[in-house]
Structure formats: structure tokens, C-alpha cells
Amino acid sequence: MEYSEYKTYDYEDHDNFSYNYDDYQTVCEKEDIRSFARVFLPIVYGLSLVVGLTGNALVVAVYAYSKRLRTLMDTFVVHLAVADLLLLLTLPFWAAAAVQGWELGEVLCKIVTALYTINFTCSMLLLACISLDRYLSLFPQLKDRFLGQIFKRNSSAKLCLVVWVVSFCLGIPDLVLSTVKVLPNRKVCMAMYPSNMAIQARVSMEVIEVLLSFLVPLLMMLYCYFHVIRKLFELPPENRGKRWTTIRVLLAVVGVFVLTQFPYNVVKFCRVLDVIHTLISNCQTSKALDQAAQITESLALSHCSLNPVLYVFIGSSFRLRVLRFAKAFGQRRRLAQRREECGVEISLNSHSQSQNTSTFSI
């Protein structure tokens, strides 16, 4: 898990960091940071799990009910909901680890850590694909170009497969290197790099993750939605209301992404700089960075719970799907109740007739 205490908060792989201050060592005890994590992380992860599972399960159910994905956008939305669901399902493991350490064995440590990285990266890359799809939908002249040829309806499965493969490749180091480290007072699940390549490998992986999970999606969103908004301003005056509604939605999508992901990636970048140059030599600064990592990562994960809310406002098509799904669900429920009532009535009538027959026979 990115920057949780159980993967990389304890960067030196032991509880009490030792730093050199004018040729003598000082011990940095971080029990207060772990105490904060034992309370804060289970609460935040629990809320994210409940809200995120409800919203993303609704997205999958709505599209499963319609039985076919009409557009490329539909395909991206379904895969995004699946990635968010798989990511959210790792949170109970990390919440339990925050309370009592990792007691679930090495196999689960590898699987859960890899699933976290794979699905977090996949979710961010799919957001970039959604922004590109919205951009191309307003510029039909680009359909014959290379990018337009890639983003075709019949290529949706291939595009999503590429996204999943790239994300899986980023999860391979966690799958291979993650192990359970036994510390003096607890066990932690963390990636253990070979000593001869620890710094280079760790820095390389963090830089790649920042690029693919933040910078690439952000730049895609900014570029695509800038041109989409500029195109919307060219609409005739009678469509002004619809134009401003769409602009507000796009600004909300970008704003939520920046608000949730930017602080998290700033902390990751600070970690990378510290690994390369050993910038942090003060205990309080190290503890502050650990706590910031806990808070900003929890904020980044909240994006999985907010995605379904954004879907509802992205376009009317999904709102219509939700209404149809709710209507059909309500009709099925009423039909089931009627069948149950009819069954009870038939049963009572049969019972009454049987009593009359018995009396007549007697």
C-alpha cells in the first residue's frame, strides 16, 4: 500500500530511526504516529468502503441491467467502477494492519499490496481515457487520425486491456518483493528491495507511479477539458444553459481530481527526494511527513467513493440508466409482492375449500 505505515512509513525498516546530529545519534520514537494511525485509518477506510462499495456497485448493477455497453464511455465507466471496487476491497486488510500489525501471512501481503497498486493505477489511467473520449466526441474531424482510430467503439476492449496490462506491470514489483517484516513490537507488510538496488529501484517505481497515476491523467484532463470548454463556448445562445451545466461538471471533475490527488503526490515526491538526498534529519519533520502521508493517502482513496457521484453528473445517459434501473427494480419488487399475496390468498382459499370438503364428507 502506498505510503501506509505498513509499507513505507517506516522507511528504514525499523521503529526507531537514528539520525546523526553533530556526530551523535538521536532516537526518533514514532509510537504517537502509530497510535494516530490505529484510530484514524480504520475510521476513514471504513467510511470510504461503505460509500464506495454502494456507489460503484450501483454503477456495475445499472450497466449489468442494461446488458450492453452502447458507447466507449460506458465501457470505461464500468471498468473504472470495477477497479475502484477491487481497490476498496483491500482497505479492510490495511485497517486491520493499522490496529494490530500484519497478521495475515505473506501470501495475502503480496496479493493485497499488488491489488492496491494495480487498481489505483488503473483507476487513474481510466480517468485519462474518459477525458480523451469526451474530447474526441466533440471533434469528429479527429476520428480519421491516429488517436481517433484508437478510440473507436469496437476497440474499447483492447483499450481497457492495455490499461489493465500497464497497471498489472506496475503491480509486479509489489507482488514479487512484498513480504512480512517482523519488527520488535509488530509485523508489517512491506516491499523489501535487494540491498544493491534498493534506492534506485524504489525511486524508479515511485517516479513511474507519480507519472502514470497523477501527471499523465492530470495533463490529459487539463488539455482535453480545456478544448471541450472552448468548444462549448461556440454553441449558440439558446444552448447557454446546457453549456454552463456541462462546464460546471467538467470543472468539478478536474477540481475533485486535483483536490484528492495533488497533496498525496506532493508527499510522495518529498519521499523520493528524501530517499535520494536524505534531506530529513529531524525527528519532528520525519513524524510530520509520516502523518501527512497517512492523511493525504486517505484523501486520495476517497476519489474511488466520489467517482460514482461524478458519473451521475457527467451526462444524462447515466441518470436515465439509473432511473430505468430503479423503476425496473421497483416493478419487480411490486410484482414479487403481488405474487406472494396471490400465493397466500390461494393457500387460504385452498385451506378453506379443504375444510368445507371435509365437513361435507363427514
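**Close-up views of helix packing in a predicted model**

**View 1. Helix α5 passes helix α7 in a right-handed crossing.** The model is predicted. Helix α5 covers residues 105–138, and helix α7 covers residues 156–177. Their axes come within 8 Å. The crossing angle is roughly 155 degrees. An angle over 145 degrees counts as roughly antiparallel, so α5 and α7 are roughly antiparallel to each other. On the α5 side, the contact involves K110, I111, T113, A114, T117, I118, N119, T121, C122, L125, L126 and C129. These residues meet V163, W164, V166, S167, F168, L170, G171, D174, L175, V176 and L177 of α7. By class, the contact of α5 with α7 holds 15 nonpolar, 6 polar and 2 charged residues.

**View 2. Helices α2 and α4 pack with their axes 8 Å apart.** Helix α2 spans residues 31–66, and helix α4 spans residues 91–100. The angle between them is about 165 degrees. The two helices are therefore roughly antiparallel to each other. Their crossing is left-handed. From α2, the contact draws on A37, R38, L41, P42, Y45, S48 and L49. From α4, L91, P92, W94, A95, A98 and V99 take part. The contact of α2 with α4 comprises 11 nonpolar residues, 1 polar residue and 1 charged residue.

**View 3. Helix α2 also packs with helix α3, residues 72–88.** The angle here is about 150 degrees. The axes of α2 and α3 lie 9 Å apart. The crossing of α2 and α3 is left-handed. In α2, the contact residues are S48, L49, G52, L53, N56, A57, V59, V60 and Y63. Facing them in contact are D74, V77, V78, A81, V82, D84, L85 and L88 of α3. The classes divide into 12 nonpolar, 3 polar and 2 charged residues. S48 and L49 are listed in the contact with α3, and S48 and L49 are also listed in the contact with α4.

**View 4. E31 is a residue of helix α2.** Its relative accessibility is 29%. E31 therefore counts as partly exposed. Leaving aside residues up to four places away in sequence, E31 touches R38 and N185. R38 also belongs to the contact of α2 with α4.

**View 5. I199 sits in helix α8, residues 198–232.** The relative accessible area of I199 is 46%, and this residue is partly exposed. I199 and I276 are 77 residues apart in sequence. Their C-alpha atoms are 7.1 Å apart in space.

**View 6. I208 is another residue of helix α8.** I208 has 34% relative accessibility and counts as partly exposed. Buried would require under 20%. I208 and L170 are separated by 38 residues in sequence. The distance between them in space is 8.4 Å, C-alpha to C-alpha. L170 is one of the α7 residues that meet α5.

**View 7. The whole chain has 11 helices and 4 strands.** This view sets the close-ups in context. The chain has 362 residues, and buried residues make up 44% of them. The chain exposes about 19,100 Å². Consider the contacts between residues at least 6 apart in sequence. Of these, 77% join residues at least 24 apart.

Methods: Residues numbered from 1 in each chain as written. Predicted model: local features only at pLDDT ≥ 70, side-chain atom pairs only at ≥ 80, totals over all residues. Heavy atoms only, no water. Axes fitted to C-alpha atoms, helices over the stretch in contact; angles between N-to-C directions. Parallel < 35°, antiparallel > 145°, perpendicular 65-115°, else oblique. Left-handed = near helix turned anticlockwise from the far one by under 90°. Contact = heavy atoms within 4.5 Å. Nonpolar A, V, L, I, M, F, W, Y, C, P; charged D, E, K, R; others polar. Buried < 20%, exposed > 50% of the residue type's maximum accessible area, 1.4 Å probe, protein only. Areas by Shrake-Rupley, 256 points an atom, 1.4 Å probe, with all protein chains shown as cover.
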